Amino acid sequence: MGEGGEANGVGETGGGSETRERGEAGRAGGTRTGAGKAHGAPEAGGASGTGAGSEAGRAGGTRTGAGKAHEAAEAGGTNESCGADRVRAAGGTGGAGGARTGEAAAPATTPGRRGPVVAALMLGMALAALDGTVVSTAVPQIVGDLGGLSVFSWLFAGYLLANTVTLPVYGKLSDTFGRKPVLLAGILLFLTGSLLCATAWNMASLIAFRVVQGLGGGALQGTVQTIAADLYPLRERPRIQARLSGVWAVSALAGPALGGLLAGSAGFAGHAGWRWIFLVNLPVGLVALWLIARHLREPARPAGAPISVDWAGALGVFATGALLLTALVQGGVAWPWLSAPSLTLLGCAAAGAALTVAVERRAAEPVIPGWVWRRRTIAAVNLALGALGLLMVAPTAFLPMYAQSVLGLGPVAAGFVLSAMTLTWPISAALSNRVYRRIGFRLSAVTGMTLAVLSLLAFPLLPYPGEPWQPTLVTLALGAALGLFQLPLIVGVQSTVGHAERGTATASVLFCRQVGQSLGAALFGAIANAVLGTRVGEGRLDDPAALTPEAVDTAVEYVFLGAAGAGLLAVLVLLTLAPRRFPVRDPDGADGADGAEEAGGADGPEGKRTAPSRAAE
């Protein structure tokens, strides 16, 4: 539903004629129904809205429809009957005389078929989650076989670029063509890239094939999250999101061990064993493909429904994102920040952004529609998750270096210090619904990030050199805090839009998180280099022997202070930009509301009041 989706009154007609307004309920001859919602429930007939607990939607009588599929009306005047009356409509609601109106239903996969689909989603997420940890472990073997030490970082940068810039494109395509074809295409593209990587003959070809993998990974990351939100109502979403978070936790623990095992295994056909780290994706991906193709059911698009794809906007988003991320990833590493390459890339990215905005404003169905920034809730979450991506660079990139250089741990033990964070994150995420159903989405996220800031500020207070359990305790607390921060925001955003916009909204927040991560790598890398330069001398940064434990300890402390600043920025954004109550439009929760402030309604994007019976924060 767009910005003007609020309905401010109840449509009235006499004798059975139909009033059809966005977000309005129709009343025909005294019959009262609520805003229509297509979610595979029984079709609504023309039930009288009398008595608490009665449901509009019996067969026969006048049928009235309102609103988009999978959306609830926001109007204070919209009524669904007394008490907890609920309107159920499948495939759109009907007009007078039983004529069918409305939009296509939400995905029609039934609860009984959700198990295989969830298994496929977890397998698909595992492909993306294992990729980075497995490949990073095998880098020495890859470089030893193919060479290209000076450019090996592009094994990760190329994948990240392709993954990030395609997120908004896939999000829009999933809203246009459906989630299933986009996810299937993404898995096939990822597997194709994996197979090509296993056949790489030099570092340049491997980097190119990693980009192909990243193009598929963008579809995996965003579409899996969107399908999970489609399958489960608001109350149950933390459960599936916790499972997906658990996949990342297991991947963080198992990835390094699996990568080392495969990279050290015997080769095949005269090739090095590291190629198995890419070939192992094939059976996992093929199982996920089969499960999705067989068990995920989406309703057919209405016959004759127009399809408009903004290919010019997609190209603009891809090119602009690639230029910006290349500048951020390589600036200060491959060339100085104020050098001609950096300034040229940043200037071209700015020009590309201006051109893309102009194209998107004229597009009928833009890839990044303006409402992802005009709606207060989504705009605030975009910025907050961008700050999260920036913050996450501190532990993921610098904590292993601290553990090895300062604590004297080996690579495996240093990895486990970081992986402690992934143990508490999914547990906290799974329990977060108990928090946000009591205090709301925004306050839950603010609480989580406040605890994360305190955890980050505790790191510089650790004794030098300290014991391994001390930073491990910090990462455990940090993971628990971030689980309470991220999940309520993602679930909250997904619940403020209808099915036709959910893919775009989900991709938007994930895209901002990825961009924040790239920005964080550049920013905190510059901070660490500046601190190390003052301690050991600018000309000795490339000399490992010059990086004393004291210098590394000081540099990492400054990085964690910067991450705490990013966390405070996220809190400030939520408190100043996000509405106090998220305008939830997903009425799937039991008893009509899932938030703490069920009786009071929720603030809409512009401060309007939404229907109290459907308000959840």
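**A close look at helix H8**

A: Let's begin with helix H8, residues 281-295, in this predicted model. H8 has 15 residues, and the distance from its first C-alpha to its last is 21 Å, close to the 21 Å expected at 1.5 Å a residue. Now look at which of its side chains are covered. Asn-281, Gly-285, Ala-288, Leu-289, Leu-291, Ile-292 and His-295 are buried in H8. As you turn the helix, keep one general point in mind: an α-helix has 3.6 residues a turn, so residues three or four places apart point the same way.

For another helix, move to H5, which runs over residues 203-231. Its 29 residues should span 42 Å at 1.5 Å a residue, and the end C-alpha atoms are 41 Å apart, which agrees. Along the way, H5 bends by about 25° at Gly-216. H5 is also mostly covered, with 24 of its 29 residues buried. At its start, a side-chain oxygen of Asn-202 comes to within 3.3 Å of the backbone nitrogen of Ala-204.

Finally, let's visit the surface. Leu-451, Leu-454, Leu-457, Tyr-558 and Leu-561 make up a nonpolar patch there, with about 460 Å² of accessible area together. Helix H14 (441-458) and helix H17 (549-576) are the elements that each give two or more residues to this patch. H14 provides the largest share, three residues. Tyr-558 sits in helix H17, and this tyrosine counts as partly exposed because its relative accessibility is 47%, between the cut-offs of 20% for buried and 50% for exposed.

Definitions and conventions
Residues are numbered from 1 along each chain as its sequence is written. This is a predicted model: local features need pLDDT of at least 70, side-chain atom pairs count only at pLDDT 80 or more; totals for chains, interfaces and linings use all residues. Side-chain values use heavy atoms; hydrogens and water are left out. Patches are made of residues with over 30% relative accessible area and no salt bridge: like charges are joined within 9 Å, nonpolar side chains (Val, Leu, Ile, Met, Phe, Trp, Tyr) within 5 Å. Accessible areas come from the Shrake-Rupley method with a 1.4 Å probe; for residues, only the protein chains shown count as cover. A salt bridge is a side-chain nitrogen of Lys or Arg within 4 Å of a carboxyl oxygen of Asp or Glu. Helices (H or I, at least four residues) and strands (E, at least two) are DSSP runs, numbered from the N terminus. Buried means under 20% relative accessible area, exposed over 50%, partly exposed in between (1.4 Å probe, protein chains only). The expected span of a helix is 1.5 Å times one less than its number of residues. The bend at a residue is the angle between axes fitted to the seven residues ending there and the seven starting there. A polar contact is a pair of N or O atoms within 3.5 Å; within protein, one must be able to donate a hydrogen and the other to accept it, and residues adjacent in sequence count only if both atoms are side-chain atoms.
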